[in-house]
Amino acid sequence: MAKLTGTCWCGAVRFAVEVPFLRVTNCHCTSCKRISGGGGTVSGRARTEDIRILEGSELITTYEPAEGTKKSFCARCGTNLFGGGWPESEFTSVRLPTLDQPFEGPIEAHTYVRSLAPWEMLPDDGAERYEVRWP
Ligand SMILES: [Zn+2]
Ligand SMILES: [Zn+2]
């Protein structure tokens with residue numbers, strides 16, 4: 001196992017995660033659009049126990065929607081850090097844009113493609129496509 005580190009935009013929150021990720025997904029659902037401000041989120045799935053918060057844990061704020069899993073972000077800069085129910089869940093979705101080392105791919109699946117926006121195009125990347133969640 002190797003270790004990657006991640007940082008929010010303002011630099012206050014830093015974490016480490018053991019890789020390789022269990023799966024890498026680009027989620028196009030309407031919740032991910034709202035929290036990303038764009039087409040959705042790109043996440044690597046890790047065991048929650050393999051994530052360590054190095055700095056700024058007091059700034060990590062968690063929102064639990066009526067449907068779906070908890071999402072966590074930096075309260076200072078708004079960077080979307082984790083999904084999937086962190087910190088209580090067995091697995092966490094680590095948002096790849098937070099990683100300090102560029103993720104070289106590949107993305108394995110596009111999920112919630114039924115929620116593609118009219119201005120959104122799927123890349124011809126050979127990844128699986130699912131109408132809703134990864135089965
Ligand atoms: Zn921040
Ligand atoms: Zn989503």
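**Note on the predicted model**

1. The largest pocket has a lining of 26 residues, and those nearest its centre are Cys27, Thr69, Lys71, Tyr112 and Arg133. A pocket here is an open set of points on a 1 Å grid over the protein atoms alone, with protein on both sides within 12 Å along at least five of seven lines, where a 1.4 Å probe fits; lining residues have an atom within 4 Å of a point. Two or more lining residues come from each of strand 3 (24-27), helix 1 (30-36), strand 4 (41-47) and strand 9. Strand 9 makes the greatest contribution, with 4 residues. The space in the largest pocket amounts to about 840 Å³, a volume being the space filled by probe spheres set on the points, which are joined across faces, edges and corners.

2. On conventions, the model is predicted, with local features requiring pLDDT of at least 70 and side-chain atom pairs pLDDT 80 or more, while totals for chains, interfaces and linings use all residues. Residues are numbered from 1 along each chain as its sequence is written, chains are lettered from A and ligands numbered from 1 in the order in which they are written, and side-chain values use heavy atoms, without hydrogens and water.

3. Cysteine 8 is buried at 4% relative accessible area, whereas cysteine 10 is partly exposed at 34%. Buried means under 20%, exposed over 50% and partly exposed in between, with a 1.4 Å probe and protein chains only.

4. An open sheet of 3 strands shows the order 1-2-5 with antiparallel pairing. Strand 1 (2-7) and strand 5 (51-55) each have a single partner strand, so each has one side without a neighbour in the sheet. Neighbouring strands of this sheet are turned against each other by 25 degrees on average, direction ignored; the axes are lines fitted to C-alpha atoms, and angles run from 0 to 180 degrees between N-to-C directions. Strand 2 (residues 14-19) is joined to strand 5 by 4 bridges, with alanine 16 partnered by arginine 52. Strands are DSSP runs of E with at least two residues, and helices are runs of H or I with at least four, numbered from the N terminus; two strands pair if DSSP finds at least two bridges between them.

5. Strand 6 (residues 60-63) runs antiparallel to strand 7, with 4 bridges, and threonine 61 has phenylalanine 73 as its bridge partner. Phenylalanine 73 also stands opposite asparagine 80 in strand 8. Strand 7 and strand 8 form a hairpin with 5 residues between them, and glycine 78 in the turn has a positive phi of about 85 degrees. Strand 8 is joined in turn to strand 9 (residues 91-95) by 2 bridges in the antiparallel sense, with glycine 83 opposite serine 93.
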